[in-house]
Amino acid sequence: MLEIALATVGGFDLQFCASGEQALGAIPEFAPDLVILDVKMPGLNGPETLDGLRKRSNGSDCPVIFLTAVAQPEILESLGGVGAAAIVTKPFDPMTLADTVREFLDR
Amino acid sequence: MSDQTTDTFGDKTGLCARGVPVSPGNEIISFVSHEFRAPLGALMGALSIIESGVLGDLPPKMRPMLEMAQRNARRLLALSDDLIDADVIESGCLKLHLSPVDLSDVVRDCVSANRVIADRKGVAVEVAAIDRPVKVRADRKRLEQVLTNLLTNAIKFSEEGGTVDVAVVHEGQGARITVRDRGPGIPADLQPRIFQKFAKSDDGNHAGNGLGLYISKAFVEAQDGQIEFTSQPGDTRFVIVLPLSFTDE
């Protein structure tokens, strides 16, 4: 669904990684304009991956969007404080996700 | 700068703050409702992708079937969300985020969000002119939910070509919101039960899960407000009164 929302609808080039660790390994070479992270992941979770990204010298200021199924305002607020550009809650609307992403890329 | 407080409605023992319901909610209902959200989200996402045509043109004959599937998926999602709210209310763990809220702003947003539904049915929604901000101390998200509930009911029960009126006025120390429709009215035998769970009309034409008003009443009262109604054929009015906010944030 994410692939259709972003690649087919949005026309973006995507690389999928199966974990936070894999993402940290792939980002320097792929050099994305934006990273979308799940919050709950085995191994490094979303905020931990973001932290790892910022500590690296390359790709460190690439904007990050969290994708999460959590809806409680308190948890969303604490996620916001971690340094992500935005938080998108699941289920997301696949027809508008690309627009949201584009908004962040245009900033 | 915002003045936000989190109030836990009905929490007399402080247990809720520690994540323990003060009275039994329905564990199974709550579990099932939460489990429904992800598959329903995927279902609705897939249907909207098909509808958009990005994967190929949709044969015209299929469109009504697709729309029916989407309507029913939305209905299930609404039911699932309402069950979750009803369970939170029942277990006394409702948490509100209160802040000064401009009522006229909320009314405008809700009316505009429901414009499409109203237009589709040929119902006009008229908002009486509000010349100044009317600030109440409320949880904006829950207030929007209540207003949306009243507005969609009013539209649902209006005839094609009918009008729904929304008005906001100051009344003493409070703000009064009235949502009025000119539909057939609430049946007399339903009126005493209208704010109870699962109260709905037997008329199969007006789909609803019977939880909206139960939830709305709980949200309004948790914000120190009141909700009342009067109804006869041709004139049904739901009125919410909320205390005004006098802080300047």
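Two strands are taken to pair if DSSP finds at least two bridges between them. By this criterion, strand 7 (residues 226-232) and strand 8 (residues 235-243) of chain B pair in the antiparallel sense, over seven bridges. The model is predicted.

B:F229 has B:F238 of strand 8 as its partner.

Five strands of chain B form an open sheet in the order 3-5-6-8-7, with mixed pairing. Its edges are strand 3 (124-127) and strand 7 of chain B, each of which pairs on one side only. On average, neighbouring strands are turned by 15° against each other, direction ignored. Helix 5 (residues 140-156) of chain B packs on this sheet. The helix touches strand 5 (163-171), strand 6 (174-181) and strand 8 of chain B. Its direction makes about 25° with that of strand 6 of chain B.

Chain B as a whole contains six helices and eight strands. Along the sequence they follow the pattern β-α-α-β-α-α-β-β-α-β-β-α-β-β. Of the 249 residues in chain B, 29% are buried. Contacts between residues at least 6 apart in sequence were also examined in chain B; 73% of them join residues at least 24 apart.

Chain B is divided into domain 1 (24-90) and domain 2 (98-243). The C-alpha centres of the two domains lie 24 Å apart. Seven residues from domain 1 of chain B and eight residues from domain 2 of chain B take part in the contact.

Nonpolar packing was considered next. In soluble globular proteins, nonpolar side chains tend to be buried together. The largest nonpolar core in the model has 45 residues. Those with the most contacts inside this core are B:L103, B:V107, B:L147, B:L151, B:V164 and B:V179. Both domain 1 (24-90) and domain 2 (98-243) of chain B give residues to the core, so it lies between them. Another core, of 11 residues, lies apart from the largest one. Its members include A:I27, A:V35, A:I36 and A:L50.

Strand 1 (residues 35-38) and strand 2 (residues 64-68) of chain A run parallel and are joined by four bridges. The complete sheet is open and has three strands, in the order 1-2-3. Its pairing is parallel. Strand 1 and strand 3 (86-89) of chain A are the edge strands, and each pairs on one side only. From one strand to the next, the twist averages 25°.

Confidence in chain A was summarised by pLDDT. The mean for the chain is 85, and 93% of its residues reach 70 or more. Among the elements of chain A, strand 1 has the highest mean pLDDT, at 92. The lowest, 75, belongs to helix 4 (residues 73-80) of chain A.

Key. Residues numbered from 1 in each chain as written. Chains lettered and ligands numbered in written order. Predicted model: local features only at pLDDT ≥ 70, side-chain atom pairs only at ≥ 80, totals over all residues. pLDDT = per-residue confidence, 0-100. Helix = DSSP H or I, 4+ residues; strand = E, 2+ residues; numbered from the N terminus. Axes fitted to C-alpha atoms, helices over the stretch in contact; angles between N-to-C directions. Core = buried A, V, L, I, M, F, W, Y, C linked by C-beta atoms within 7 Å. Buried ≥ 20, exposed ≤ 12 C-beta atoms within 10 Å, placed from the backbone. Domains from an automatic or database assignment. Contact = placed C-beta atoms within 7 Å.
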